[in-house]
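This report walks through one protein structure, from the whole chain down to single residues. The sequence and the model come next.

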There are 2 protein chains.
Amino acid sequence: MTTGGFSCRHLAVVGLGLMGGSLALALRGVADTITGVDSDPATRDYALKRQIVDHVTDDLRAGVSEADVVILAAPVRAINAMLKLRIGSYMRSNTLLIDIGSTKQDICRAMSELPIGILAVGGHPMTGKESSGIEASDGDLYVGRPFVLCPTRRTTPAGRGRALAMVEALRAVPIEMEAERHDRVVAAISHLPYLLSAALVATVAREGQSDDAVWQLAAGGFRDMSRLAGSDVKMMGDILSTNTQAVATLLAMFRMQLAQLEAMLISHDDQHLADALLPTREARLKWADRYGNGMNNGKQS
Amino acid sequence: MTTGGFSCRHLAVVGLGLMGGSLALALRGVADTITGVDSDPATRDYALKRQIVDHVTDDLRAGVSEADVVILAAPVRAINAMLKLRIGSYMRSNTLLIDIGSTKQDICRAMSELPIGILAVGGHPMTGKESSGIEASDGDLYVGRPFVLCPTRRTTPAGRGRALAMVEALRAVPIEMEAERHDRVVAAISHLPYLLSAALVATVAREGQSDDAVWQLAAGGFRDMSRLAGSDVKMMGDILSTNTQAVATLLAMFRMQLAQLEAMLISHDDQHLADALLPTREARLKWADRYGNGMNNGKQS
């Protein structure tokens, strides 16, 4: 079937969580056939029963060998493991391979080692939900959201074109950039925020050991600042461990910013403190104005 | 008039912003008469036209001299200034005086110097909204939310009882504690989070100078973690400068927590990192479960 330039005879989605399930739903009318690959029997049953996919299997080889488009919708390390094992030899030549892992350098490096003929493109859709699992799948999850595409040594012009067409079929906004740049950007806007949230909750929990009122009085400010700390630890561990250098760089930059504010605070330099906080406030308001809309679905990529 | 034990003949609300306007609305059926004091003519007009209050004035003395209950609903420093100037001499003996400032030690100290006969109690309702100003007033703003009451040297048993009754009339949850304890708690759950949010936005803004993709790709995680940075700078400056010591203490505690996570990250000690992040996640989920409900109004006290 061809829709808006994206043609797909047989789509294989590897990993039927929230992201994979939502991809299958979004591409339901575009792909002639969809096969879902997942190791969990209950997840496979659900995907089949709800007609999110046409076929299911727990066998990676069987799942991808007939596909002309394969999407790896698993956690970063699982994607890396699949790429480094034998998935390259399971796929037919000219298959478009896209992943949706949250860090891109390791994955794109592994993709670059795939057999010539596999059209591999790194991907990272900037969307998500509080809830996870296939039950939370939503065919509109990608609509209007940025979908980063990172070239690999296996990205031919044709592969790139098909990847762009797929992102458009999802009604997402394709943004192309090198994997290294992507990883630095997400370190700033996603991985650093997660670590700050976790360290804040750890600090408050320490206070809470001696004074329960800390928990009782915590309100909306704490709610927002602590939400990321509730993220899946395994997933975040994978992400952080595959982006250590960029995260460490951003942490160092953050420390400097915080130390400056602290110095003004402690020395009661109220005017300079206000002068430092004002452009920060303006930057936040400007961002919310330009980009902050249309994302009320509690995204946490 | 008497309702649920709270009797008020003449209520004066000093400061007709979101908090003061909402207090007036919430106590509309409880107080026989409400006078609003505000320096802004448009605010006074609005409060009168919408019948949020019965009378308005910009004269503090005239506004409070006939009241038997006075609520100071202004920013922390404005409250401090009023207390240190002559408001004590404007009020009649036996008047209940409550403030709603976000830090309590300075204010309660100043309240303790008021003339004997003024029944002064420090207050801090843990509620709020994204939007500010009297136009955002909401008679249900305090319902079900914690309302901290801090004793002063001018809190008699009768004054304490009337303050508790007022909080109950607001259908808020009274929580009594010493001002020092209050300030330490809010340093942890409110002031530290604000500084982290501001320093995060400053860090991202620095990245954004060289790569606009930072702003473009920022999603829900950044949105939540940056929201507090958009707070009113003057208000936050007032709050921070009246709670320097507790905030500096919490900053030092936070730095230790962050440094521990960073050390594990950089040394690729994935297991210890996961071990450290897991209880943090559980603490956040437990808090959300116990207290996180009923506060979907974007509070930022």
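The model is predicted: local features need pLDDT of at least 70, side-chain atom pairs count only at pLDDT 80 or more, and totals for chains, interfaces and linings use all residues. Residues are numbered from 1 along each chain as its sequence is written, chains are lettered from A and ligands numbered from 1 in the order in which they are written, and side-chain values use heavy atoms, without hydrogens and water.

**Chain A as a whole**

Chain A contains 13 helices and nine strands. Helices (H or I, at least four residues) and strands (E, at least two) are DSSP runs, numbered from the N terminus. The C-alpha trace of chain A spans about 65 × 40 × 35 Å along its principal axes. The radius of gyration, taken over C-alpha atoms, is compared with a globule rule of 2.2 Å times the number of residues to the power 0.38. For 301 residues a compact globule would have a value near 19 Å, and the 21 Å of chain A agrees with this.

Of the 301 residues of chain A, 60% are buried; buried means under 20% relative accessible area, exposed over 50%, and partly exposed in between, with a 1.4 Å probe and protein chains only. Contact means heavy atoms within 4.5 Å. Among contacts in chain A between residues at least 6 apart in sequence, 69% link residues at least 24 apart.

**Two enclosed helices**

Helix α11 of chain A covers residues 233-241; seven of its nine residues are buried, so this helix is largely enclosed by the rest of the structure. Among the buried ones are A:Met236, A:Ile239 and A:Leu240. Their cover includes α4, α8 and α12 of chain A, together with α12 and α13 of chain B. At the start of α11(A), a side-chain oxygen of A:Asp232 comes to within 3.3 Å of the backbone nitrogen of A:Lys234.

In chain B, helix α1 (residues 18-26) has eight of its nine residues buried, so it too is largely enclosed by the rest of the structure. The buried residues of α1(B) pack against β2, β3, β5 and β7 of chain B.

| Residue | Helix | Relative accessible area |
|---|---|---|
| A:Gln257 | α12 of chain A | 14% |
| B:Gln257 | α12 of chain B | 15% |
| B:His191 | α8 of chain B | 2% |

What does A:Gln257 contact, leaving aside its neighbours within four places in sequence? The partners of A:Gln257 are B:Ala199, B:Ala202, B:Thr203 and B:Arg206. With neighbours within four places again left aside, B:Gln257 is in contact with A:Ala199, A:Ala202, A:Thr203 and A:Arg206.

B:His191 has contacts within chain B, including B:Ser102, B:Thr103, B:Ile239 and B:Val247. From B:His191 to B:Ser102 there are 89 residues in sequence and 9.9 Å in space, C-alpha to C-alpha. The side chains of B:His191 and B:Asn243 are joined by a polar contact of 3.1 Å. A polar contact is a pair of N or O atoms within 3.5 Å; within protein, one must be able to donate a hydrogen and the other to accept it, and residues adjacent in sequence count only if both atoms are side-chain atoms.
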